[in-house]
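Q: I would like to go through this model with you. Could we start with the loops and then move to the sheets?

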Amino acid sequence: MYPPFTPIRTTATIAVTVAATSVALPSTGQRTLVVTSVAGGAVAFIRFGSAATGQDATTADMPILPGSVQVFSIGDLDTFVSAITGAATATLYFTSGQGQ
């Protein structure tokens, strides 16, 4: 059985629009990331990467549904996340920690 998720440090936020936006992920040394989407927004799409530019998300990337919470294991080089919507806006929160 996996231990419950324990958040560590701060949470990064992206106000997502139809133009790809990137933010640095919280630097904690932990590779578990919880992504929370505010209910009522649009479907957002995310892509993890190692740079703030040149790795922009597209609508072909991982969808994050409105009102959902998703847990990801990310790679050691994944220090940024990019997000985009196909229409309208969304708000995403990225919290790093340990556990599931």
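Q: Is Ala 88 buried or exposed?
A: Ala 88 is exposed, with a relative accessible area of 55%. Bear in mind that this is a predicted model.

Q: Where does Ala 88 lie?
A: Ala 88 belongs to the loop between E7 and E8.

Q: What is phi of Ala 88?
A: Phi of Ala 88 is near 65°, which is a positive value in a residue other than glycine.

Q: Turning to confidence, what does the protein average in pLDDT?
A: The average pLDDT of the protein is 91, and 98% of the residues score at least 70.

Q: Which elements have the lowest and the highest mean pLDDT?
A: Strand E1, residues 6-16, has the lowest mean at 90, whereas E5 has the highest at 98.

Q: Now the sheets. In what order do the strands run in the sheet that includes E7?
A: That open sheet has four strands in the order E2-E7-E4-E5, and the pairing is antiparallel. Strand E2 (21-24) and strand E5 (62-64) stand at the edges; each has a single partner strand, so one side of each is left without a neighbour in the sheet. From one strand to the next, the twist averages 35°.

Q: How many bridges are there between E2 and E7?
A: There are four bridges between E2 and strand E7 (residues 80-85), which pair in the antiparallel sense. As one example, Ala 24 has Phe 80 in E7 as its bridge partner.

Q: And the sheet with E8, what is its order?
A: The order is E1-E8-E3-E6, again four strands in an open sheet with antiparallel pairing. E1 and E6 are the edge strands, each pairing on one side only. The twist in this sheet averages 20° from one strand to the next.

Q: How many bridges does E8 form with E1, and how many with E3?
A: E1 and E8 pair in the antiparallel sense over eight bridges. E3 and strand E8 (residues 90-98) are likewise antiparallel, over six bridges.

Q: Which residues in E8 are the partners of Pro 7, Val 35 and Ser 37?
A: Pro 7 has Gly 97 as its bridge partner in E8. Val 35 stands opposite Phe 94, and the bridge partner of Ser 37 is Leu 92.

Q: What holds such strands together in general?
A: Strands of a sheet pair through backbone hydrogen bonds, in either a parallel or an antiparallel arrangement.

Q: Staying with E1, is Ile 8 buried, exposed or partly exposed?
A: Ile 8, which has its place in strand E1, counts as partly exposed at 22% relative accessibility. The cut-off for buried is under 20%.

Q: How far is Ile 8 from Ile 46?
A: The C-alpha atoms of Ile 8 and Ile 46 are separated by 21 Å, and the two residues are 38 residues apart along the chain.

Q: Is Phe 72 buried or exposed?
A: Phe 72 is buried, with a relative accessible area of 14%.

Q: Back to loops. Where is Ser 68 found, and is this residue buried or exposed?
A: Ser 68 is found in the loop between E5 and E6. At 14% relative accessibility, Ser 68 counts as buried.

Q: What does the side chain of Ser 68 reach?
A: The side chain of Ser 68 reaches the backbone oxygen of Leu 65 at 2.6 Å. Setting aside neighbours within four places in sequence, Ser 68 is in contact with Val 35, Thr 36 and Ser 37.

Q: And Gly 29, where does that residue lie?
A: Gly 29 lies in the loop between E2 and strand E3 (32-37). At 62% relative accessibility, Gly 29 counts as exposed.

Q: How far apart are Gly 29 and Ser 68?
A: Gly 29 and Ser 68 are 25 Å apart in space, C-alpha to C-alpha, and 39 residues apart in sequence.

Terms used
Residues are numbered from 1 along each chain as its sequence is written. This is a predicted model: local features need pLDDT of at least 70, side-chain atom pairs count only at pLDDT 80 or more; totals for chains, interfaces and linings use all residues. Side-chain values use heavy atoms; hydrogens and water are left out. Two strands pair if DSSP finds at least two bridges between them. Helices (H or I, at least four residues) and strands (E, at least two) are DSSP runs, numbered from the N terminus. Axes are lines fitted to C-alpha atoms, for helices over the stretch in contact, and angles run from 0 to 180 degrees between N-to-C directions. Buried means under 20% relative accessible area, exposed over 50%, partly exposed in between (1.4 Å probe, protein chains only). pLDDT is the predictor's confidence in each residue, from 0 to 100. A polar contact is a pair of N or O atoms within 3.5 Å; within protein, one must be able to donate a hydrogen and the other to accept it, and residues adjacent in sequence count only if both atoms are side-chain atoms. Contact means heavy atoms within 4.5 Å.
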